[in-house]
Amino acid sequence: MRILCVLLLSVGSTVFSPAKAADALDFQGVVVAVNGSIIEVDRGSSVAPLYVRADNALSETAVGKMVSGSCVMRGDLCTATVLNVEE
Amino acid sequence: MNMRTLVSGAGAVAVLYAFTSLIPAVAQTTSPFQPPDEKLGVYVSNSGPGLDTGCTFRSGGPLLINIDVPIVVGETQINADGTLVDANTLVNRGIIGRKAIISFPVFDIDSSAAVRPPDSPEVDVVSFNGVTKDTLTGSNGQWTNDSIEVDISELKFGMPNELRIDIDTQNSDELWCMAVDWVSMQFDVALPYVLAHGINTTGPDTWEPDITRQLDDFGVRYTFFTVGRNGSAAANATQLNTNIKSFLDDIKADKVHIIAHSKGGLDSQALKALGPEFTIRSLSTLSTPHLGSVVADINIIQLMNADRLVNVGQDPNGFISSLLSVTPWAGRFSNVPERPGLDDLTTQAAATALLNRQRNNISPTFAYGGNADTNGDGTLQSSERPFVRADIPWNVMRNFTQARVVRTFTQPGFLGFGTRTVIEFRAAVASAPLRNDVVVTANSARPSYVTDLGVVLENHSTIVDFSYVEEFLNRTLPLR
């Protein structure tokens, strides 16, 4: 039921607001670049890279590591509410 | 997989992973727009800082992209900072266009995004060489071929021009990213010029300082080279080919205008016959012996080392005899035209070259001929002579059209000792006096295949005057 609500919210957001705001998503992929607090996540060849802003800046050592999390789109940026980095 | 949580916000929700495909694409590495091919007036920056960065947010910017533009106008027309000294004059002369177009495919410009306050749509500010020009427009997740127009006076020549893009300038938080694939700069500009000198001289001796100074003032891009002083047209053409190619490559040009004095015109036609990689867009000649010279005919006969030369044609005033006996053209003094270059100046060589399409092979060709008899009295007065006995070749040029060997034979030597070689030649008398500049007749300088700009009252040296070069410029500048 909870998933269904989120689904409806997401679809509604997509339909009624062409802007990229308010789309929430879970993501998983590999960090390909770190620029301050923004990381570029490669989620596979069939999906476009995702730009995620973490509250804490990651170091360049994060490049190549697997990350996953949940974020909310605002503009071109997905602001992470949860960001897990592979140890 | 061992994971640690870096950020943990409230209200984290689970979304089916499949829904991630709903998120618009935000990065590409290559746009669907191909950059133009570089050539004169078209310059491209397709790699380096600021390009192919992936979708870049404000903290990754500003994007600073350099575009190198070579010096395509006269080098003295450029200020120390690379801008034009007098752009208006160059524009009014037709040397360079008033505007330049700078094109650049940009990615993911959300300039029309509907957002909730306090967020603003994407506003990316474009500046060129430090001057704000425009804001980008485009579409979400799409490549757009954007462009700006700048005044030609804003360009820097011979040094990098900077295109700057300040990303997402209207939001306090970073919201929008964008990318640039390549940048091109395009403007209209006149083709460059090459000056080709004649036989038995050099580039500097022919063109400096008068012609070069006035060409500098005029503003076109030009250069000159020194090729074989007495080299054959074919050998000099090979040198010109290499030198001109290098000159043109530096400014990405593939076309050139040539302005030639005397045999330089023949060298240029021989260059065309080589099939160079570049286009000779026009040839302009000052007293080039397109159809050869009777004096060269006689000089070559003299250089055959015969013990005796006999003119079996007419020589009513003894002009041929005079030439054979005293003229410096006879090759008896230093610093006179020599073989093999001299061979290309004969009327026979002209006939052969025309037959083989090694002349009359550049269109258009503009030409001036000279007449050293400036007062028109039918004689070459001392004041009209470029050297003391210039009247001798002038009279031969005026009264004869060609000289050809009839036969060569040997006969017993003096008192029967040994043998000696005799060359008989025939000098053909002109049907009417021929205007000439002491070296080349006006007819030879202006064959039927040229655009005839007339016969001017100059000798072979003084015809190298900027007033005639300027007319060539006026004729050829519009040719791109």
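**Close-up 1. B:Val69 faces a partner across two strands.** In this predicted model, B:Val69 sits opposite B:Met159, a residue of β8(B). Strand β8 covers residues 159-166 of chain B, and seven bridges tie this strand to β3(B). The two strands run antiparallel.

**Close-up 2. Here is the open sheet in chain B that holds β3 and β8.** Reading across, the order is β3-β8-β5-β6, four strands with antiparallel pairing. Strands in a sheet pair through backbone hydrogen bonds, either parallel or antiparallel. At the edges of this sheet in chain B lie β3 (63-69) and β6 (131-135), each with pairing on one side only. On average, neighbouring strands here are turned by 25 degrees against each other, ignoring direction.

**Close-up 3. Helices α4 and α5 of chain B cross.** Helix α4 spans residues 233-250 and helix α5 spans residues 263-274; their axes come within 8 Å and cross at roughly 70 degrees.

**Close-up 4. Helix α6 of chain B is mostly covered.** This helix takes in residues 294-302, and eight of its nine residues are buried. Among the buried ones in α6(B) are B:Val294, B:Val295, B:Ala296 and B:Ile298. B:Asp297 and B:Asn299 are buried too.

Terms used
Residues numbered from 1 in each chain as written. Chains lettered and ligands numbered in written order. Predicted model: local features only at pLDDT ≥ 70, side-chain atom pairs only at ≥ 80, totals over all residues. Axes fitted to C-alpha atoms, helices over the stretch in contact; angles between N-to-C directions. Pairing = 2+ DSSP bridges. Buried ≥ 20, exposed ≤ 12 C-beta atoms within 10 Å, placed from the backbone.
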